[in-house]
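Here's a quick briefing to read alongside the structure. Have the viewer open as you go through it.

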Number of protein chains: 4
Amino acid sequence: MDLAAIVQQIGYDMAAAPHRGVVADYIPELKRVDPSQFGLAVMTADGQTYHCGDADVRFSIQSVSKVFTLALALGRMGDQLWTRVGREPSGHAFNSILQLETEHGIPRNPFINAGALVVTDAILAGHPPRETLGEILRFVRAAAGDDNIHINPDVAQSEEQTGHRNRALAHFLLANANLINPPELTCGTYFHQCAIEMTCLQLAQAGRFLMGGPNAPRLVSPERVRRLNALMMTCGHYDGSGEFAFRVGLPGKSGVGGGILAIVPGRASIAVWSPGLNERGNSQLGTLAIEHLARATGWSVFG
Amino acid sequence: MDLAAIVQQIGYDMAAAPHRGVVADYIPELKRVDPSQFGLAVMTADGQTYHCGDADVRFSIQSVSKVFTLALALGRMGDQLWTRVGREPSGHAFNSILQLETEHGIPRNPFINAGALVVTDAILAGHPPRETLGEILRFVRAAAGDDNIHINPDVAQSEEQTGHRNRALAHFLLANANLINPPELTCGTYFHQCAIEMTCLQLAQAGRFLMGGPNAPRLVSPERVRRLNALMMTCGHYDGSGEFAFRVGLPGKSGVGGGILAIVPGRASIAVWSPGLNERGNSQLGTLAIEHLARATGWSVFG
Amino acid sequence: MDLAAIVQQIGYDMAAAPHRGVVADYIPELKRVDPSQFGLAVMTADGQTYHCGDADVRFSIQSVSKVFTLALALGRMGDQLWTRVGREPSGHAFNSILQLETEHGIPRNPFINAGALVVTDAILAGHPPRETLGEILRFVRAAAGDDNIHINPDVAQSEEQTGHRNRALAHFLLANANLINPPELTCGTYFHQCAIEMTCLQLAQAGRFLMGGPNAPRLVSPERVRRLNALMMTCGHYDGSGEFAFRVGLPGKSGVGGGILAIVPGRASIAVWSPGLNERGNSQLGTLAIEHLARATGWSVFG
Amino acid sequence: MDLAAIVQQIGYDMAAAPHRGVVADYIPELKRVDPSQFGLAVMTADGQTYHCGDADVRFSIQSVSKVFTLALALGRMGDQLWTRVGREPSGHAFNSILQLETEHGIPRNPFINAGALVVTDAILAGHPPRETLGEILRFVRAAAGDDNIHINPDVAQSEEQTGHRNRALAHFLLANANLINPPELTCGTYFHQCAIEMTCLQLAQAGRFLMGGPNAPRLVSPERVRRLNALMMTCGHYDGSGEFAFRVGLPGKSGVGGGILAIVPGRASIAVWSPGLNERGNSQLGTLAIEHLARATGWSVFG
């Protein structure tokens, strides 16, 4: 298998792809991103790196950050966290509040917005947001082995100004006694965490710990690696998770900035980015690129 | 790894397990099954068989049959089937009608009842139910390499008498132009398909084609094998699918008769059975046994 | 007040009305009705009759029949009926199945389809449908003082052929042990009851018993008259009941055939008919006409 | 009819009533109210007053205030208000957020919490909350003809501390562009408006403008009086409105403080108060007392 050639070909194909999705418009700062961009980076267990396109351009990782905060929260609290958030796909949109009402304030999983707020709230736990954000950044930088990873203050501020729905979720969680910090602090921390910027190369690097196996950095226990991958598989693409599992067959986590982190257990960490989103809110070309990559390489957890 | 010893130990542990769940009570004939039973059978890619407990006792496979009918329907119709049924976890109970109303009669996936009715309806397609049931049985027998697999007429009749909710789903599908046979025929076929009886040994045998790889029987294409496994992973345990993925890490399909079929891609086909169900409607001991097996063997698609 | 002139003027205005709604298309036989028709009949407590337009043309009363079957069922069973059906507005469409699932098979009120099926089922109660339909017809004829009221067999058959959603509701009720006759019998009776045909003159006549007061025919007790009116006020126009109360201020019951029966307690019984429906499924011109009538006469229960 | 004797008898009956409901516990300050209290005041169109029990004890009017703010908002904005809030019963609890998501941020009616927040937001309209609260108080005082009506600051503060669910609703409205003031200001104003305290005598006095007719104070037009009554009838008791209409037959508005204002159009204004609530969140004895009163007097809008 000539992985270099495969990655290169995908770069060509995506550059020519006619349907590129629509850039998220509800965060003004993200709306300004050039939709023609596409980047892909693959890191294999043996330490090789393959990339194409705009793999070294920084983008807003948004919800991909939820993987890192979940790993961090589990490291801090262990399985206690699961008393506050579930582990099931939601069957609803990423920002839906419906199940929060019918299920008594326990979010379905840590990757929908309500669940991610609970995770961030658990890490925050009374500490100053600045300190918690420092801890999150340290975790991501350690995972990537790269200190040049930062929060984009303009994006964070843009989310502060428009994140009313997330605030509604936070107040609703509080009304159900499932928030321990003031909503404004938890939301503020969450908005900044989502505004972390990385390149595809950095993100693929940061995802290696989820490959598991002897060559991967060991930031969390092997059992937890498997469980994080399981959650990414069943819940990582919101209400498009079934489709991603069906078409790609790899655990992955998408963000509204157009980034996707996907894992080939024991073999590779993949980061892809293209700002245009499909109707489920996942990167149009990013999804397509990983599907091509999985087919060309035969990578799938399902055989 | 001494798989024989592991399987034996699980048999001992399950025999002593204090919490055995509750036998399904809404199908009178199933209610009469002795809840103390437990069986486990594992078939590996190299042709070995390991089993313990009541692995040679017949049980009603119920919804596990949906894997076989889905494979059959896809073989017949190909991807056309996906215009009539989705590929996303539902976030609701297996027999819920809620999303059928809000999503215009397209069931979320082929493993909830509404979706399985669509699949059976697609195979039926105007043929006499008896003929279609013959075809389904032939497929299952071919997969198992065993002609001694039958439908239990008492169970089928019991379901005929109590399957009002499934009939409601069928009429609702028809009202949305997503049923092509008369509801009574589709439901009748479905009730009989669910009443197929197999032993754990037969079911593990029948599941080998889902292992993929060079040693597995090739009933469907490798790509379709992966996709069936993906659907089993995200939707195979209804609103407990995320939990099964999290705890076990293998694609699986459960039935209300207490059976579960789980697949280790490229390596093994596993059938487990114990009639008592947990609160999600999946076998209490069956789930526990597969979790133990996965942990002891290290089998997981997630690393 | 010159009621004759008011009614005449409304006839002129409605003849010239530009927006006439859309004829229901899901019952083929109803779809063939000429949408340009409009009729209005008003009967006052002192025995006077005023009418205009097509007040003597027969139309399918459809859900208006639910008022008569409810009165009949309450006369037969008394308040026992309320163990099987509620008395609250639903907040959903007339044919929705959502609340039936979340509220354990107890329909919200007797005027949505699920609730009306329960009412018909309660009257049927093991008797032959033909006999029960005879009883319903006798009640309506007695109320109207007119034996020339019949069921249109073509409309009934048309509903038989397309009433899949009502069958879904009936099977769902049965699954919740809230149906005592076979679904096919209850639905068949219901389809025929909806196919009763009356003219506006007959319907206004038949509604007089709901006026209450010394001059009204006493088919049910005064307390029950008030309660039937209360239900018509809060639930009589499905998810448009609040709007009808707001704009018109009278208890009323609409049908998908374009008819509306409205009551001015102690003063008048009003029947209006025009086949075109608004987006809530209630007669467009019928609603408008009653609104005009209420404004011109000052009739309102609210002052 | 000896109204004085009827009111007196109801006072005796309620004092002896065994089931008195449960005092609301989610607003700490309200939880401290003595549940044994009961008051009733009736003011007739001819200027007579009848009362019994604790009719001169102040209580927190809570959601009864929504009638006054709605009248005020309509006076200010006219029918423009209806672009922001609907007029249909919700079929859900008073504080539900479900329909706000599925219906794009337009609350079902002005009497559920979400709708009342929109109404208060419309009055606030950029003014300082203190000024708006002054205006609301002036309206209520003018209606009651009594300047001795105040906001209880302890109750307002108690609601500030626990009103997380209302804040969630406000942020959700803002996310749907249906809030024009900062959520904290709209909520703060709303919490204070709910903390207005009145006696039954004051509240019955303040409700006279809703009687309509020549003897009632004319604060709003006759047509608007009818429409306010219509809304109270269909939506005034949340998801118990149908039941109140069925049992009592009068337009009414309840509050979680245990107060109910009910109107007999053209004839009387009724205020009742008892702190214990039924399972729908409406005063247990208050509802019962008005039901007794309506039966004894024959007062009903339905004949």
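Predicted model: local features only at pLDDT ≥ 70, side-chain atom pairs only at ≥ 80, totals over all residues.

Chain D and chain C touch through 35 residues of chain D and 36 residues of chain C. Chain D can also be laid on chain A with an RMSD of 0.0 Å.

**Helix H13 of chain A**
- Helix H13 of chain A takes in residues 284-297, and at 1.5 Å a residue those 14 residues should span 20 Å; the end C-alpha atoms are 20 Å apart, so the two figures agree.
- Look just after H13(A) and you'll find Gly298(A) with a positive phi of about 75°.

**Where chain D meets chain C**
- On chain D, 35 residues are in contact with 36 residues of chain C.
- Helix H11 (222-235) and helix H12 (241-247) of chain D each put at least two residues into that side.
- H11(D) gives the largest share, with 10 residues.
- By type, this side of chain D splits into 14 nonpolar, 14 polar and 7 charged residues.

**How chain D relates to chain A**
- In chain D, Ala168(D) has the C-alpha nearest the axis, 2.0 Å from it.
- Both copies use the same surface: 100% of the contact residues of chain D recur in chain A.

Technical notes. Residues numbered from 1 in each chain as written. Chains lettered and ligands numbered in written order. Helix = DSSP H or I, 4+ residues; strand = E, 2+ residues; numbered from the N terminus. Expected span 1.5 Å × (residues − 1). Contact = placed C-beta atoms within 7 Å. Nonpolar A, V, L, I, M, F, W, Y, C, P; charged D, E, K, R; others polar. Least-squares fit on C-alpha atoms with pLDDT ≥ 70 in both.
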